[in-house]
Amino acid sequence: MLMQKTQKRNALDADITDLLREAIINREEFTPGSPLRIDALASRFGVSHMPVRAALQRLECEGLITALPNKGARVVDVNQAFVSDIMDIRMQLESYLARRATLRMTDNDLEMLSDLQLIHAQAVSSGDIQDALTLNRAFHTAIHHIAGSTDAILILDRHWRLIRALWRRYGPIPARFQAVIADHRQMLAAFMARDSEAAAALAAAHTVRAKHSLLEAMNAALGANENKDE
């Protein structure tokens, strides 16, 4: 019974977190600098203070809000500089984990990655964007777990939901999917060759391309909004 209650509470916390994250990124209700008051948020979502506090703590870890003593929580400006910083951190960690994974990879790991790469490509070919995004995540998560660096994985996981929400808001860009497939194939070839430096370089380049695509999509969307306001 206690475990069931804990699971339900965790699910509720995650739901509130996702709703707040989307609202902040969409800039519809919470603009940069807006205060986030626990009482108001609890009333809005029809919940107690506890899941709201848990959601704010998670979003603070993601960098979406700042919480100052006696001043409460405020929304951070999720602008191009903010996203660029996150993606630069991801580039370093993805490169490190790819290098480390190459040195630890077994034949079974290579077979699993090959299967994930294949079904990801099939999802792209079928036009199933959401499935393609999920499988792309699965491919990279598999590499991370093969690498086995808990701290690095925690940092990447912390920002994954934020980046997923950003892609939902500003993308994804279908034209990029073929480039992602090509990147995955090259990374897989480097893993098979046991070339850790090539794998690290390819992973870094892959993340840089994702960064540029996301920033281009943000620039286009935010620029269009500015033109509407003029």
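**Reading a helix and its surroundings**

Guide: Just after α5, Gly127 takes a positive phi of about 80°; helices (H or I, at least four residues) and strands (E, at least two) are DSSP runs, numbered from the N terminus. This is a predicted model: local features need pLDDT of at least 70, side-chain atom pairs count only at pLDDT 80 or more, and totals for chains, interfaces and linings use all residues. Residues are numbered from 1 along each chain as its sequence is written, and side-chain values use heavy atoms, with hydrogens and water left out.

Visitor: Which residues of α5 are buried?

Guide: An α-helix has 3.6 residues a turn, so residues three or four places apart point the same way. Buried means under 20% relative accessible area, exposed over 50%, partly exposed in between (1.4 Å probe, protein chains only). In α5 the buried residues are Asp109, Leu110, Leu113, Leu116, Gln117, His120, Ala121, Ala123 and Val124. Viewed down the axis of α5, these buried residues fall within an arc of 155° (taken from the directions from the helix axis to the C-beta atoms), so they line one face of the helix. On the other side of α5, Asp107, Asn108, Ser125 and Ser126 are exposed.

Visitor: What covers the buried residues of α5?

Guide: Contact means heavy atoms within 4.5 Å. The cover includes α4, α6 (129-147) and α8 (176-192).

Visitor: Which strands lie at the edges of the sheet?

Guide: Two strands pair if DSSP finds at least two bridges between them. The open sheet of 3 strands has the order β1-β3-β2, with antiparallel pairing. Its edge strands are β1 (35-36) and β2 (65-68).
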